[in-house]
Amino acid sequence: MLMTAFGGFMWLIFTAMLVLAVVALVMAAVAREDAYRAADKQNKMFWLIILGVTVAVNLLVPMLFLQIAGLIATIVFFVDVRPALRQVSGGGRRGGSSSDGPYGPYNGGR
C-alpha cells in the first residue's frame, strides 16, 4: 500500500515536471528572436533545443538524473529568461511603480 501511494506521488511529480517543460517550450517558441538578443540571453534556438530535449526526456527516458537536469533548465527559463524577455518586449506591468494603488500612487499618508 505504501509503495502504491509513493508510486502515485512520483507519477504526479513527473507529470508536473512534464507540464512545466511543455509550458516553457511553448513560451520560448512564442517569444521573438530579437527579444532574446535585446535581453542579452542565449538565442531562441538554444532554449528551444534545451527545452525540447527536456520534454523528450520526460516523455521517453524516465531517468531521474536527466529529468532533474531538465527541471533545472526549465526553472532557469522561468526565473531568469522569461522575465527578461517580458521586460524588453513590453509585457508585464503597464507603467507606474510598485507603490501604485488602484486610484494612483500611494504616498505614505503625506
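Me: What makes Arg37 count as exposed or buried?

Reply: Its relative accessible area does. Buried means under 20% relative accessible area, exposed means over 50%, and partly exposed lies in between, with a 1.4 Å probe and protein chains only. Arg37 has 57%, so the label is exposed.

Me: What kind of model is this, and how are residues numbered?

Reply: This is a predicted model, in which local features need pLDDT of at least 70, side-chain atom pairs count only at pLDDT 80 or more, and totals for chains, interfaces and linings use all residues. Residues are numbered from 1 along each chain as its sequence is written, and side-chain values use heavy atoms, with hydrogens and water left out.

Me: Which elements does the protein have, and what makes a run of residues a helix or a strand?

Reply: There are four helices and two strands. They run α-α-α-α-β-β from the N terminus on. Both kinds are DSSP runs numbered from the N terminus: helices are H or I with at least four residues, strands are E with at least two.

Me: Why is the pair Glu33 and Arg37 called a salt bridge?

Reply: The term asks for a side-chain nitrogen of Lys or Arg within 4 Å of a carboxyl oxygen of Asp or Glu. The closest N and O atoms of Glu33 and Arg37 are 3.6 Å apart, so the pair qualifies. Side chains of opposite charge can pair when their charged atoms come close.

Me: Where do Glu33 and Arg37 sit relative to each other?

Reply: Both are in helix α2 (residues 33-38), four residues apart, which separates them by about one helical turn. An α-helix has 3.6 residues a turn, so residues three or four places apart point the same way. Glu33 is partly exposed, at 32%.

Me: How many salt bridges are there, and which other pairs form them?

Reply: The structure holds three. Arg32 and Asp34 meet at 3.0 Å, N to O. Asp80 and Lys41 have their closest N and O atoms 3.1 Å apart. That pair links distant parts of the chain: Asp80 is in helix α4 (residues 64-88), Lys41 is in the loop between α2 and α3 (44-60), and 39 residues separate them.

Me: How do you know what span to expect for α3?

Reply: The expected span is 1.5 Å times one less than the number of residues. α3 has 17 residues and reaches 24 Å from its first C-alpha to its last, close to the 24 Å expected. Its buried residues are Lys44, Trp47, Leu51, Thr54, Val55, Val57 and Asn58.

Me: Why is Gln67 called buried?

Reply: Gln67 is found in helix α4. Its relative accessibility is 3%, so Gln67 counts as buried. In contrast, Ile72 is also placed in helix α4, but counts as exposed at 51%.

Me: What makes Gln67 and Asn58 a polar contact?

Reply: A polar contact is a pair of N or O atoms within 3.5 Å; within protein, one must be able to donate a hydrogen and the other to accept it, and residues adjacent in sequence count only if both atoms are side-chain atoms. The side chains of Gln67 and Asn58 are joined at 3.5 Å, so the pair meets the limit.

Me: Which residues is Gln67 in contact with, leaving aside its neighbours within four places in sequence?

Reply: They are Phe14, Met17, Val57, Asn58, Val61 and Pro62. Contact means heavy atoms within 4.5 Å.

Me: How much of the protein is buried?

Reply: Buried residues make up 21% of the 110 residues.
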